[in-house]
Amino acid sequence: ESLTFEGQQGATGAAGGDIIFQGGAGDGAAADGSVIMATAGGDSIAKFDLDTMTLGGDADFTFGRPTHATGNGALLTIHGQDGASGYAGGNLVLQAGTGDVSGGYANGEVSLKTAAGIAAVTVNDQGVTVSTTLNTQDINAGDHGVITGGTINADSLVTSATVTAQTLRATGSVDTPAITSPTHTIAVGGAADFKITRQIGRAHV
């Protein structure tokens with residue numbers, strides 16, 4: 001049978017009581033005890049210390065919510081700490097595990113997956129890989145180049161560095177200091193008529 005711990009019910013108009021699991025205090029400089037949740041076999045599910053929560057053991061561990069019983073799934077929010085009045089809010093850090101790089105074992109990756117389990121965004125030591133369509137506002141690469149083996153579709157494109165792509169389509173304008181090709185050939189237009197024009201000049205006073 002189940003074992004249930006239930007806080008004290010509040011009197012009429014009063015708040016209910018909390019349930020507190022507290023590790024024992026260490027003697028002097030000795031470490032305080034932790035609160036540990038474990039399976040029937042003694043495998044750790046979660047370990048709670050003062051400022052650390054450790055989940056699982058050596059096997060893969062999934063942090064999730066149960067299937068909704070009656071409707072759409074609800075949000076799962078991971079929220080950084082709010083700052084006190086006049087202070088900055090805390091960062092939210094997702095960090096992959098370190099590997100024995102000197103022994104030839106790579107560091108881990110941070111992967112954002114779709115509901116189908118497809119890795120849409122992968123972050124590792126080599127960079128950030130976006131494996132699906134990226135819909136965004138402005139992309140500011142500073143003085144760095146933009147390189148893709150696919151197609152860039154944009155309303156307008158302004159660059160002072162380099163853009164390398166198999167195909168570049170802009171429905172508005174392309175503002176660039178130079179257009180070059182590794183094959184020394186640049187193809188413009190299609191089967192229909194093609195026109196190259198200059199903007200109407202501004203009147204000089």
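Modeller: First, a definition: on a 1 Å grid over the protein atoms alone, a pocket is an open set of points where a 1.4 Å probe fits, with protein on both sides within 12 Å along at least five of seven lines. Its volume is the space filled by probe spheres set on the points, joined across faces, edges and corners.

Colleague: How much space lies in the largest pocket here?

Modeller: About 1400 Å³. This is a predicted model; local features need pLDDT of at least 70, side-chain atom pairs 80 or more, and totals for chains, interfaces and linings use all residues. Numbering runs from 1 along each chain, and side-chain values use heavy atoms, without hydrogens or water.

Colleague: Which residues lie nearest the centre of the largest pocket?

Modeller: Leu168, Val174, Ile179, Thr180 and Ile186, out of 32 lining residues (an atom within 4 Å of a point).

Colleague: Which strand gives the largest share of that lining?

Modeller: Strand 10, with eight residues. Strand 8 (151-158), strand 9 (163-164) and strand 10 (167-175) each give two or more. Strands are DSSP E runs of at least two residues, numbered from the N terminus.

Colleague: New topic. How do strand 1 and strand 2 run?

Modeller: Antiparallel, joined by four bridges (pairing takes at least two). Ile36 stands opposite Lys47. The two strands form a hairpin with five residues between them, and Gly42 in the turn has a positive phi of about 90°.

Colleague: How many aromatic pairs does the structure hold?

Modeller: One. The ring centres of Phe5 and Phe21 are 5.5 Å apart and the planes are at 85°, so the pair is edge-to-face (centres within 6.5 Å, planes over 60 degrees apart). Both residues sit in the segment before strand 1 (35-38), 16 residues apart.

Colleague: Are Phe5 and Phe21 buried or exposed?

Modeller: Both are exposed (over 50% relative accessible area, 1.4 Å probe, protein chains only).

Key:
Rings of Phe, Tyr and Trp (its six-membered ring) pair if their centres lie within 6.5 Å; planes under 30 degrees apart count as stacked, over 60 as edge-to-face and the rest as tilted. Buried means under 20% relative accessible area, exposed over 50%, partly exposed in between (1.4 Å probe, protein chains only).
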